[in-house]
Amino acid sequence: MLKNRAVAGPSYFPFANLENPATILADPSFKLKLPKQTLLSVSLDQRNRLPPRNTDLFPTLAKDHTKIVLYVHNRPRYLRAVVRSLAGVEGIRETLLIVSHDGYFPEMDGIVRGIRFCQVKQIFAPYSPHLFPDSFPGVSLGDCHDKDDPAAKKCNGTADQYGNHRSPRIVALKHHWWWMMNTVWDGMEETRGFDGHILFIEEDHYIYPNAYRNLQLLVGVKPTKCPECYATNLAPSDVNFKGEATDMLIAEKIGNMGYAFNRTVWRKIHAKAKEFCSFDEYNWDITMWATVYPSFGAPVYTLRGPRTSAAHFGKCGLHQGQGKSGACIDNGKASFQLDEIDKILNIKPDWQVLADFLSSTPHLAPLAEGSITLQIMPRMEFIGTAMQIVPLQFRQFELIFAAIIDHVDKLFLNVAMGRFWGKMQHLWNSITKHVRLSCSTGLSEFGAAGRLLNSPCQRFCVSSSDTSMEDLTARVLELVKKFDKLDASKVTEKADFQKDLCLDSLDRVELVMAIEQEFSVEIPDQKADKLSCCADVVKYISEAQAEKKEST
């Protein structure tokens, strides 16, 4: 009843307590058109202004503390798991935990209200579609849905880049993240004037006991060890990678699991508010890479330790936790085998920094005819006379290049077994302009590593040759089933990636990149958008291979 009763009066805006809101707004002349609040949204607005709880147990915060923001949706089982992990974090009692909700869900609220291990403050997005289910910003009468034709259906709506009409509950994920950032940095008494780092985590992140102490050390050494780094991370940008386990700090592309930055970086982000909010994409992290980070004028590096201090768990994606029927219902269990080293501070301030250039888009200098020197990252070195072996790993998919170089007497290659975040097609094209491919079993000269790489090399060469449709279909199905964002038992030739396998736009981008890598084909974005199932992928690869054969 409460949620349907409109309330007159001024609407809450997260900058209301600032002396000069115009200095925060990207366009001061812009006039907000906000819906009338309900009694529920007003009550949540009032809760946003309450002081933190548990100040009787923890009356003061440590002088050099790092505040923690937990970004949550309607996934209570996940929330219980991350709260349990936070309770065991060394140093958690000396900081403030801010929990940002994208709607009001009693079970989620109850879990947070039960926290007793640190100061905790809750904030609720006041204009979430979860609070306005039957009107803007939720679904309004007459809105178009899915792929409705507005003219035929006589409905209102503008389709996104994929031809789908925007679902408010999905769009709200990005909106919530932006509202949370603005509120945490510029709309709260608890963070006003705070110039330290703030750590951002989500409810499907399991936080290791040593995470906070490791983070403090990283924040302390970053200005001298990696002045080019904008942030620190608890985990690698590839969430499936556990780290290098070496005695070095790692500088790589900023990831979205356990990231921390300060107010200076936030100001650079907020300067691109208009671009961020108008970019046609549902995911905040993809939007950041497309609209915000390029404006920094330099690669956006983060500093992390060589062992992860956080892990991702569960299979329910954000979109699956937004349904009308309730919360995501998988078991939500987080079970990790922690070593003793994961429970204590396991990085040292005197370690050197290793820059992982493979986590950014590679920029190769023009290659001189007859010679090549490829320097990516000094983790592994091969020396050959007429052969180069470039083992590169993107997530769990391995891509091996075995190439014969003309007129090369000696070839020194610094090669990485690393992870790419972006497409590898640029690297592949750059190399193949100067080499001719040849499979060889003569890798034994490189010892055990060479013998290990021989089989993948043969597999790679086969992938670019003639393949029967039956074999090609089997390989595509096998590849898709290994993708960790879906239920392998549901994968068939005709299963729709979005409707049947529940892959969101970011998941589909990652899957397309894995397909490009596995089959050494390039899939333009406009073509990738039309690949809705495995059968479409098989058809595209077959046609691409036939076209390539004709051209040669």
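Author: Buried means under 20% relative accessible area, exposed over 50%, and partly exposed in between (1.4 Å probe, protein chains only). The model is predicted, so local features need pLDDT of at least 70 and side-chain atom pairs pLDDT 80 or more, while totals for chains, interfaces and linings use all residues. Residues are numbered from 1 along each chain as its sequence is written, and side-chain values use heavy atoms, without hydrogens and water.

Reader: What percentage of the residues of the protein chain count as buried?
Author: The protein chain has 552 residues. It holds 15 helices and 18 strands (DSSP runs numbered from the N terminus: H or I of at least four residues, E of at least two). The part of the protein chain that counts as buried is 53%.

Reader: Is Thr66 buried or exposed?
Author: Thr66 sits in the loop that runs between helix 1 (39-48) and strand 3 (67-72). Its relative accessibility is 4%, and therefore Thr66 counts as buried.

Reader: Which residues does Thr66 touch, not counting residues up to four places away in sequence?
Author: Contact means heavy atoms within 4.5 Å. With residues up to four places away in sequence not counted, those touching Thr66 are Thr95, His197, Ile198, Leu199, Tyr212 and Leu215.

Reader: Why does Val89 count as buried?
Author: Val89 is found in the loop between helix 2 and strand 4 (96-101). Val89 counts as buried because its relative accessibility is 4%.

Reader: Which residues are in contact with Val89, leaving aside its neighbours within four places in sequence?
Author: Tyr212, already named as a contact of Thr66, also belongs to the list for Val89. Leaving aside neighbours within four places in sequence, the contacts of Val89 are Ile207, Tyr208, Pro209 and Tyr212.

Reader: How many Å apart in space are Val89 and Phe117?
Author: In sequence, Val89 and Phe117 are 28 residues apart. In space, the C-alpha to C-alpha distance from Val89 to Phe117 is 9.8 Å.

Reader: How do the axes of helix 2 and helix 3 run: roughly parallel or roughly antiparallel?
Author: The axes of helix 2 (residues 76-87) and helix 3 (residues 106-113) come within 9 Å and cross at roughly 10 degrees. Angles under 35 degrees count as roughly parallel and over 145 as roughly antiparallel, with 65 to 115 roughly perpendicular and the rest oblique. The crossing angle therefore makes the two helices roughly parallel.

Reader: Which residues of helix 3 meet helix 2?
Author: Helix 2 takes part through Pro76, Leu79, Arg80 and Val83. On the side of helix 3, they meet Glu107, Met108, Ile111 and Val112.

Definitions and conventions
Axes fitted to C-alpha atoms, helices over the stretch in contact; angles between N-to-C directions.
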